[in-house]
Amino acid sequence: MKNSFYALCIMLISVSISFSLEAQQTWDWDTYEVSIDLPDDFKVVKNTENEFDAVGDGMEIFMFIFESDITLDEMKDATLEVADEMRLEEVDSVEAISTRGFKGKYVAGYLEGDAVLLCGLINPKNITNFFVLVTFGDDDDVAEEDAFKILKSIRKH
């Protein structure tokens, strides 16, 4: 009986820890009817007509608008051009990404010692598209996985 009680306590503690690690909050970029799920430790520092910026423990996400009638194929070159303008280092090949309501291209690289995911997303309903930059510590084993979760959470609301 005692062992069952301890096993139940350990299981409940494990479940509560996993839920707290996965705790999220949804933020809206109302100007563009875009929502994004971020870990609870994130704080939005800018939410304007042109930019959305949020900072968490060892990670930051920055989104900025660009208006262009661009195709998904053209997004590859646009993403590489922005990566070059930002002086990203060790840029990987361009990969496709699809979120809930958006399609785009992304690259991984480094900027000033931080790992970076740079993603260009196309809004299929109009010419207001945006880039997303997620920076995180290269020494954080789960940060890249979390960065992809954040990117995949971006959706139209």
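The bridge partner of Ile97 in strand E7 is Gly104. Strand E6 (residues 95-98) and E7 run antiparallel and are joined by four bridges. Strands here are DSSP runs of E with at least two residues, helices are runs of H or I with at least four, and both are numbered from the N terminus. Two strands count as paired if DSSP finds at least two bridges between them. The hairpin of E6 and E7 has four residues between the strands, and in it Gly101 takes a positive phi near 110°.

The model is a predicted one, in which local features need pLDDT of at least 70 and side-chain atom pairs count only at pLDDT 80 or more, while totals for chains, interfaces and linings use all residues. Residues are numbered from 1 along each chain as its sequence is written, and side-chain values use heavy atoms, with hydrogens and water left out.

E6 and E7 belong to an open sheet of seven strands, in the order E3-E4-E5-E9-E8-E7-E6. The pairing is antiparallel. E3 and E6 stand at the edges with a single partner strand each, so one side of each has no neighbour in the sheet. From one strand to the next, the twist averages 20°. Axes are lines fitted to C-alpha atoms, for helices over the stretch in contact, and angles run from 0 to 180 degrees between N-to-C directions.

At the E3 end of the order, strand E3 (residues 43-47) pairs with E4 in the antiparallel sense over four bridges. Val44 stands opposite Ala54 in E4. Three residues lie between E3 and E4, which form a hairpin. E4 also pairs with strand E5 (residues 59-67), antiparallel and over six bridges. Here Asp53 stands opposite Phe62 in E5.

Two helices lie across this sheet. Helix H2 (residues 72-85) lies across E5, E7, E8 and E9 and runs at about 20° to E7. H3 lies across E5, E6, E7, E8 and E9, at about 160° to E9. Contact means heavy atoms within 4.5 Å.

Three strands form a further open sheet, ordered E1-E2-E10, with antiparallel pairing. Strand E1 (24-29) and strand E10 (155-156) are at its edges; each has a single partner strand, so one side of each is left without a neighbour in the sheet. E1 pairs with strand E2 (residues 34-39) over six bridges, in the antiparallel sense. Gln24 stands opposite Pro39 in E2. Helix H3 (residues 143-153) lies across E2 and E10, and runs at about 155° to E2.

Eight aromatic pairs are found in the whole structure. In one of them, the ring centres of Trp29 and Phe52 are 6.2 Å apart and the planes stand at 45°, so the pair is tilted. Trp29 lies in strand E1 and Phe52 in strand E4 (residues 51-56), so the pair ties together parts 23 residues apart in sequence. Rings of Phe, Tyr and Trp (its six-membered ring) pair if their centres lie within 6.5 Å; planes under 30 degrees apart are stacked, over 60 edge-to-face, and the rest tilted.

The second largest pocket has a volume of about 160 Å³. A pocket is an open set of points on a 1 Å grid over the protein atoms alone, where a 1.4 Å probe fits, with protein on both sides within 12 Å along at least five of seven lines; lining residues have an atom within 4 Å of a point. Its volume is the space filled by probe spheres set on the points, which are joined across faces, edges and corners. This pocket is lined by 14 residues, of which Tyr110, Ala115, Phe136, Asp138 and Glu144 lie nearest its centre. Strand E7 (103-111), strand E8 (114-122) and strand E9 (128-137) each supply at least two lining residues.
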